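Subject: Structure for your review

Dear colleague,

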Amino acid sequence: MRAQPTASHYIGGRYVESEAGEPFPSIYPATGEAIATLRSADDAIIAAAIASAVEGQKIWAAKAPSERASVLRRAARMLRERNHELSVLETLDTGKPLQETLVADAASGAECLDYFGALASSLTGEYIDLGGSFAYTRREPLGVCAGIGAWNYPIQIAAWKAAPALACGNAMVFKPSEITPLSALKLAEILTEAGLPDGVFNVIQGFGDVGAKLVTHPSIAKVSLTGSVPTGTKVAALAGAHLKKTTMELGGKSPLIIFDDADLESAVSAAINANFYSSGQICSNGTRVFVQSGIRDRFLDRLAERTANARLGDPLDEATNIGPLVSLSQYDKVLHYISLGKGEGARLICGGQAAKVPDFQDGLFVEPTVFADVTDDMRIAREEIFGPVMCVLSFESEDDVIPRANDTTFGLAAGVFTRDIQRAHRVIGKLQAGTCWINTYNLTPVEMPFGGNKQSGIGRENGHAAIEHYSQIKSVYVEMGSVEAAF
Ligand code: NDP
């Protein structure tokens, strides 16, 4: 496999370039260097990708499910075999440290392809006895789906959308974020090598306008977006105008609630993972950490001690824990929120500024930052920052914390730390969030449905639940007797 994609788009089983599209660079955010120049899809490229998907889908849907299953599982194996080079590419494109990309990106994509490969050959309909006559249901593909990705987990997002879509017999045209355009192309290349018919998975590059053209194209049956709430609102409205099905994986401001009786070290670990992994650029992060007053000071002390041990630096060094933010605009946004937090009167426990990293003067590094004494009305506690900024809020009782945790238009995720098993389940039952954890945070195995309530999303990815969002039921009534009419 070549280390880098050789052209901007992947259509009909091969790389395609078009000089007509607007050029844009892919930047390594640790150094500011351009690692590739790509071109946005023009109308001809968009049309070619969709036409190729329409043809590919007919061939793919006619295959035996077991054949579809073996292609997906072969692709999973190839992703694993090439994990190291794919991880390096993902690190260069996103700035996330290799320590993470080696285990969380292509590896997660492989799990997803394996899981939906296994499900592909076990999808069934229903037999319904009607007393003499009968009915049955067929689970059928939707047709051609559009996938639109965010920049934080590029290959994972592409695989989380492609695997269930393809398992159900659909084709896909995928548009990565223009900030991280490369690894989805490698996924397409691998799927072809694994035996996927040409046209079943296509990748085209571009900005929001290319995404919008996909959404409104009459041949697109369904749109799956991972992105922010404002983009989700626009895309869902566009899709709704054509009554297209949607899956929306959007942003969050999720609560992580730590009760006095929690295992302190585990709770601190979870708060670290929930705020500083991927430099905090994770949709489900537990960015509002509610800590009960009896454990709060010990929690903050340990958090500060352990955060001081974080290694910021060269993302390609496997010992590095924290890399740069993905782009200059994200870097500016995060630093802006940090200064807002200071201005709003939150107490800075650690971090609080851009980080200077030797040999990476132009890198977009920000210190992992913890604010304590955060109150519910502060903007840093209400708005999604999407960077390494943790807000710690205090609470006294279960009755006090639940309405505060729910007081947000988001509803993506939530976590509870307590040794009291009844309280854990009671509190989880009252939290308005689509994905929850008890005594851990941010683990997203493919077996478990993932997605948001309220404005954080529509539909679910992963688990059996995803099948419902990439297939439709056809009911068939079978008459076993004669047909009578009134006249
Ligand atoms: P954006 O919402 O800015 O963009 C998401 C994708 O949509 C990009 O590919 C973007 O293209 C495209 N897009 C933008 N405008 C339109 C439009 N009008 N029509 C169609 N497509 C459009 O999100 P980010 O890439 O900045 O990602 C960060 C956000 O994603 C955060 O809010 C985060 O919480 C959320 N997210 C949610 C996840 C989940 O599973 N719930 C997981 C990961 C992230 P372009 O890049 O050119 O703007």
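In what follows, Ala, Val, Leu, Ile, Met, Phe, Trp, Tyr, Cys and Pro count as nonpolar, Asp, Glu, Lys and Arg as charged, and the others, Gly among them, as polar. On that basis, the shell around the ligand comprises 13 nonpolar, eleven polar and four charged residues. The model is predicted, so local features need pLDDT of at least 70 and side-chain atom pairs pLDDT 80 or more, whereas totals for chains, interfaces and linings use all residues. Residues are numbered from 1 along each chain as its sequence is written, and side-chain values use heavy atoms, with hydrogens and water left out.

In total, 28 residues surround the ligand (a heavy atom within 4 Å of it). The closest are Gly149, Glu178, Thr231, Leu250 and Glu384.

A ligand oxygen lies 2.7 Å from a polar backbone atom of Gly149, and a ligand oxygen is 3.2 Å from one of Gly227. At Leu250, a polar backbone atom is 2.7 Å from a ligand nitrogen. Of the 900 Å² of accessible area that the ligand has on its own, the protein covers 87% (Shrake-Rupley method, 1.4 Å probe).

The shell draws at least three residues from each of domain 1 (9–250 + 456–474) and domain 2 (255–438), with bounds from an automatic or database domain assignment.

Yours sincerely

Technical notes. A polar contact is a pair of N or O atoms within 3.5 Å; within protein, one must be able to donate a hydrogen and the other to accept it, and residues adjacent in sequence count only if both atoms are side-chain atoms.
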